[in-house]
Amino acid sequence: MAGVFVMEPEEVQSLRKRSGLTTLQLLASLVPQAKSKARPPVSDYCVGAAGLGASGRIFFGVNLEFLGLPLSQSVHAEQFLVANAALHGESSITHIAVSTTPCGHCRQFFQEIRSAPEISILVTGDGYDAARAEPDPDAFRRIALFLPHRFAPCDLLQESVPLLLENRNNRLVLVSGDDDSSADRDLIDSALRAANRSHAPYSDCPSGLALRAKDGKVFAGSYIESAAHNPSLHAAQAALVAFVAGGGGGYEEIERAVLVEREGGMVAQEGVVRLVLGSVAPGCSFSVVHCRPQISVDGDGDALNHN
Ligand SMILES: [Zn+2]
């Protein structure tokens, strides 16, 4: 898994041929590999997930726990996987193999994907041996069986609103005067792009957080909301997923962070980002840059739109 959390279709096909496994068996066989990348310092309970995208790519997810923070700040492997797929512009996920039965929180989080009821899940457990398993498509069960009588985006949103993994551009531009720091140019641009991809239809307060590591590498994550609110992945969680998925090492390597979020929005990420980064990367400095929806008649706004 050097690459580390995404496998391109060519690699998937080559591995499949070498191993003699079907794609779904291969997916299941990769779960232990994913699990070994988990970072759960509180529970020591590692969870790994592998998901097949419509593009033929395989995405991985692991659970993240953070020392010194409430358990509610943890990121579950399935959330990581979905955020990782979104990060890479995947349009849909068809199958997921995961080491442990998805919890209620994750069953709900999946609902932000329009095809959620049709996504098929295989719980591999610790003893699953893909090489010896029969090619049994029935071993995968649709999410609708895990979460019947679901509460879903369609309970709150119009059908035409794009859901997670669907094309979106929130058309945010920086508030004039808030983009002056040239030292942070790369971070501001990355955070604004992440904010423009952010799935926040319930608050209309999309945001993005960009992190710079000591080696200069930048990682940006987009805030992802859930119709049920609590399973939402806030901007710091999303950026830490991007950091881990992008091959980041220890969190202490993160030295600078820039959040782009709406000015005066009903929902704000600044406080929670300060809390989380203050705990996991105490040496990291942090700034907030505000944005607003682009006004089409505003020529200055057009000039500031970096998408
Ligand atoms: Zn979960």
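Guide: Before we start, a term that we shall need: two residues are in contact if their C-beta atoms, placed from the backbone, lie within 7 Å. Please keep in mind, too, that this is a predicted model.

Visitor: How many residues of helix α4 are buried?
Guide: Helix α4 spans residues 77–87 and is mostly covered. A residue is counted as buried if 20 or more other C-beta atoms lie within 10 Å of its own, and among those that pass in α4 are F80, L81 and V82. The count of buried residues in the helix is 11 of 11.

Visitor: What covers the buried residues of α4?
Guide: The cover includes strands β2 (48–53), β3 (58–62) and β4 (93–98). It also includes the helix α5 (104–109), and, to complete the elements named, β9 and α8.

Visitor: Which strands stand at the edges of the open sheet?
Guide: Five strands form this open sheet, with mixed pairing, in the order β7-β11-β10-β8-β9. A strand with a single partner has one side left without a neighbour in the sheet, and so the edge strands are β7 (172–174) and β9 (218–222).

Visitor: In β9, which residue is the bridge partner of L209?
Guide: Strand β8, residues 207–213, runs antiparallel to β9, and five bridges join the two. For L209, the bridge partner in β9 is G221.

Visitor: What angle does the direction of helix α8 make with that of β9?
Guide: Helix α8, residues 235–245, packs on the sheet, where it touches β8, β9 and β10 (254–262). Its direction and that of β9 make an angle of about 135°.

Notes:
Residues numbered from 1 in each chain as written. Predicted model: local features only at pLDDT ≥ 70, side-chain atom pairs only at ≥ 80, totals over all residues. Pairing = 2+ DSSP bridges. Helix = DSSP H or I, 4+ residues; strand = E, 2+ residues; numbered from the N terminus. Axes fitted to C-alpha atoms, helices over the stretch in contact; angles between N-to-C directions. Buried ≥ 20, exposed ≤ 12 C-beta atoms within 10 Å, placed from the backbone.
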